[in-house]
Amino acid sequence: MLIGELSRRTGVSARSLRYYEAQGLLEAARRGTNGYRAYDEDAVASVRKIRALLRAGLSTGVIRQVLPCARGEQAGFDWCAELRAILDGELADLDEQIEALRRSRGALVGLLAER
């Protein structure tokens, strides 16, 4: 399928699809004799997995690491040990960021209370 069809089927812009490909997230498309990108059917599932991981707040670098555990046509994942460890680490980082934001918020509330 051409990039426009993949874009239509996934709701992801062609520009984003080219970015995913450049970042090594989406398997490089074949090029037709006309130079157009041609993607396999499994690219639809791959893009959906990439989008799910992006929505979870993961960076493209982390997504590149965990995509090998994202097999099959569904948006699910094979819970290999490496994937679990990476996602546990990302969750711990998010928890730390949330706690830092709570502390900052508390400090701001304290400053406003002094007015």
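## A nonpolar surface patch

In this predicted model, Leu91, Leu94 and Ile98 form a nonpolar patch on the surface, and together they have about 250 Å² of accessible area. Such a patch joins nonpolar side chains (Val, Leu, Ile, Met, Phe, Trp, Tyr) within 5 Å, taking residues with over 30% relative accessible area and no salt bridge, and the areas come from the Shrake-Rupley method with a 1.4 Å probe. Leu94 is placed in helix α5 (residues 81–113), and it counts as partly exposed because its relative accessibility is 37%, where partly exposed lies between buried (under 20%) and exposed (over 50%).

## Salt bridges between parts of the chain

Side chains of opposite charge can pair when their charged atoms come close. The whole structure holds 7 salt bridges, each a side-chain nitrogen of Lys or Arg within 4 Å of a carboxyl oxygen of Asp or Glu.

One of them joins Glu41 to Arg9, with the closest N and O atoms 2.4 Å apart. This pair links distant parts of the chain, 32 residues apart, since Glu41 lies in the loop between β2 (37–38) and α3 (43–55) and Arg9 in helix α1 (residues 3–10).

## Salt bridges within a helix

Asp88 and Arg84 also form a salt bridge, the closest N and O atoms being 3.7 Å apart, and both residues lie in helix α5, 4 residues apart, about one turn of the helix.

## Notes on the model

Residues are numbered from 1 along each chain as its sequence is written, and side-chain values use heavy atoms, without hydrogens and water. Local features need pLDDT of at least 70 and side-chain atom pairs count only at pLDDT 80 or more, whereas totals for chains, interfaces and linings use all residues.

Terms used
Patch = residues over 30% accessible without salt bridge, like charges linked within 9 Å, V, L, I, M, F, W, Y side chains within 5 Å. Helix = DSSP H or I, 4+ residues; strand = E, 2+ residues; numbered from the N terminus. Buried < 20%, exposed > 50% of the residue type's maximum accessible area, 1.4 Å probe, protein only.
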